[in-house]
Amino acid sequence: MASVSHPNVKYDWYQTESHVVLNILVKNVKPENVKVDIIDSKLNCTAKLADDSDFSLALHLAHEIQTPQTRWKVLPSKIEIKLSKVGGGMWKKLEKELGEPEKKIDEIIKTYPSSKTQKKDWDKVAVEIQKEEAAEKLEGEAALNELFQKIYADGSDETRKAMNKSFMESGGTVLSTSWNEVAAKKVEVKPPDGMEFKKWD
């Protein structure tokens with residue numbers, strides 16, 4: 001079970017075939033006040049929050065991860081931790097249950113046949129990870145914000161109205177530039193796959 005030291009801090013997660021992404025929903029935390037440690041399958045994140053209180057989250061992950069490939073960043077609304085899976089495949093759960101034995105990598109592969117049939121070329125995996133990291137640098141949140149600002153600045157009145165309406169009504173999950181598409185009805189919330197939208201203060 002997860003150990004969370006601060007009752008007002010929530011977290012969620014989603015996954016791809018190769019990664020698990022953990023989002024800790026804290027606002028305005030300074031990057032220098034965040035520490036992430038991973039030993040074996042145990043993850044521990046500590047931070048000093050904006051109100052000067054201390055926060056810690058301890059998780060015993062359900063499966064092994066490639067610790068050296070772990071990446072994390074601090075955004076205005078959250079701490080995002082990106083974990084690289086060992087062997088690929090989809091996890092049924094994030095955390096190991098109390099008393100559950102550790103799974104070896106060959107057992108994980110047997111659990112997820114899709115990864116058993118694929119022989120991993122680890123050099124290729126390393127190149128793909130480097131490409132992902134380069135893409136993140138080029139297409140991160142700051143680059144997207146700059147692109148949206150340019151579209152907004154150069155767009156027509158209808159484009160700006162569409163962007164404002166869709167962003168506000170969807171809770172920041174949809175950004176449309178077509179007034180014809182969004183004018184007639186409320187824009188619904190569309191969270192990313194594997195995530196659930198929840199309002200929080």
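**Salt bridges, core and a nonpolar patch**

K73 and E80 form a salt bridge in which the closest N and O atoms are 3.8 Å apart; the term stands for a side-chain nitrogen of Lys or Arg within 4 Å of a carboxyl oxygen of Asp or Glu. The model is a predicted one, in which local features need pLDDT of at least 70 and side-chain atom pairs count only at pLDDT 80 or more, while totals for chains, interfaces and linings use all residues. Residues are numbered from 1 along each chain as its sequence is written, and side-chain values use heavy atoms, with hydrogens and water left out.

E80 also pairs with K78, where the closest N and O atoms are 3.7 Å apart. Side chains of opposite charge can pair when their charged atoms come close. E80 counts as buried because its relative accessibility is 15%, whereas K73, at 33%, counts as partly exposed. The classes are buried for under 20% relative accessible area, exposed for over 50% and partly exposed in between, computed with a 1.4 Å probe and protein chains only. Over the whole structure, the search finds six salt bridges.

Another of these bridges joins the side chains of D157 and R160, at 2.9 Å from N to O. Both residues lie in helix α5, three residues apart, which is about one turn of the helix. D157 is exposed because its relative accessible area is 54%, while R160 counts as partly exposed at 23% relative accessibility. Helices (H or I, at least four residues) and strands (E, at least two) are DSSP runs, numbered from the N terminus.

Helix α5 covers residues 157-169, 13 residues in all, and reaches 18 Å from its first C-alpha to its last. That is close to the 18 Å expected at 1.5 Å a residue, the expected span being 1.5 Å times one less than the number of residues. T159, A162, M163, K165 and S166 are the buried residues of α5. Just after the helix, G171 takes a positive phi of about 70°. The C-alpha of G171 is 8.7 Å from that of K190, and the two residues are 19 apart in sequence. K190 is found in the segment after α6 (179-182), and is exposed, with a relative accessible area of 57%.

Helix α5 also takes part in a nonpolar surface patch. L147, F148, I151, F167, M168 and L175 make this patch, with an area of about 540 Å². The elements that give it two or more residues are α4 (141-154) and α5, and α4 gives the most, with three. L147 is found in α4 and counts as partly exposed because its relative accessibility is 43%. Patches are made of residues with over 30% relative accessible area and no salt bridge; like charges are joined within 9 Å, and nonpolar side chains (Val, Leu, Ile, Met, Phe, Trp, Tyr) within 5 Å. Accessible areas come from the Shrake-Rupley method with a 1.4 Å probe; for residues, only the protein chains shown count as cover.

The largest nonpolar core has 24 residues, and I24 and I81 have the most contacts inside it. Strands β3 (19-25), β4 (34-39), β5 (42-48), β6 (54-60) and β8 (78-84) each supply at least two residues of this core. Such a core is a set of buried Ala, Val, Leu, Ile, Met, Phe, Trp, Tyr and Cys residues joined through side-chain atoms within 4.5 Å. Leaving aside neighbours within four places in sequence, I24 is in contact (heavy atoms within 4.5 Å) with residues including V9, Y11, C45, F55, L57 and I81.
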